Amino acid sequence: MIVWHWIVFDVSWHKMWELTLFGMPLIPTALSMTALRLADRYVVGSIAGLAQAAVYDVGYRIGSVIGIVTTAFQSAWPPFAFSISQKA
């Protein structure tokens, strides 16, 4: 409980507003991608049945895990490669 006295949250509302305005164009994109990601299961379920939709969902989840690992590597590699190139 003593630690809370040392933690100070200083929020710049001007910067928060700038960041919100910068990120607003991404909101429709994120919502539409979520809708598309969820709608495909209903389409597969209505066309091929619930058993095939379950198989599709498992495959989609495995692909998502691979995508997360790939995205993490793609995000981490450029700064690392740049730091190596500056040392050489």
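Mentor: Let's start with a cut-off: a residue is buried under 20% relative accessible area, exposed over 50%, and partly exposed in between. Keep in mind that this is a predicted model. Now try W77: its relative accessible area is 42%, so W77 is partly exposed.

Trainee: And is F73 exposed or buried?

Mentor: F73 has a relative accessibility of 54%, so F73 counts as exposed.

Trainee: How do I describe two aromatic rings together?

Mentor: A pair of aromatic rings is described by the distance of the centres and the angle of the planes. Here, the count comes to three aromatic pairs. Take Y56 and Y60: their ring centres are 6.1 Å apart and the planes are at 35°, so this pair is tilted.

Trainee: Where do Y56 and Y60 sit along the helix?

Mentor: Both belong to helix α3, which covers residues 50-87. Because Y56 and Y60 are four residues apart there, about one helical turn separates them. As for accessibility, Y56 comes to 31%, so it counts as partly exposed. Y60, at 26%, counts as partly exposed too.

Trainee: What about F73 and W77, how are their rings arranged?

Mentor: That aromatic pair is stacked, with 5.9 Å from centre to centre and 20° between the planes. F73 and W77 are four residues apart in helix α3, so about one helical turn lies between them.

Trainee: Which residues form one aromatic cluster?

Mentor: F73, W77 and F80 do.

Trainee: Which residue lies over the face of Y60?

Mentor: That's R41, at 4.5 Å from the ring centre of Y60.

Trainee: Let's zoom out. How many helices and strands are there?

Mentor: The protein has three helices and zero strands, and along the sequence the pattern reads α-α-α. Its radius of gyration is 21 Å, well over the 12 Å that the globule rule gives for 88 residues, so the protein is more spread out than a compact globule. Along the principal axes, the C-alpha atoms fill a box of roughly 55 × 40 × 35 Å.

Trainee: How much of the protein is buried?

Mentor: Buried residues make up 5% of the 88. The accessible surface comes to about 8100 Å², and carbon and sulfur atoms account for 76% of that.

Trainee: And the charges, how many side chains are positive and how many negative?

Mentor: There are 5 positive and 4 negative side chains, and the centres of the two sets lie 8 Å apart.

Terms used: Residues numbered from 1 in each chain as written. Predicted model: local features only at pLDDT ≥ 70, side-chain atom pairs only at ≥ 80, totals over all residues. Heavy atoms only, no water. Phe/Tyr/Trp six-rings, centres within 6.5 Å; stacked < 30°, edge-to-face > 60°. Helix = DSSP H or I, 4+ residues; strand = E, 2+ residues; numbered from the N terminus. Buried < 20%, exposed > 50% of the residue type's maximum accessible area, 1.4 Å probe, protein only. Lys NZ or Arg CZ within 6 Å of the ring centre and 35° of its normal. Rg over C-alpha atoms; globule rule 2.2 N^0.38 Å. Areas by Shrake-Rupley, 256 points an atom, 1.4 Å probe, with all protein chains shown as cover. Lys, Arg positive; Asp, Glu negative; His and termini not counted. Charge placed at Lys NZ, Arg CZ, Asp CG, Glu CD.
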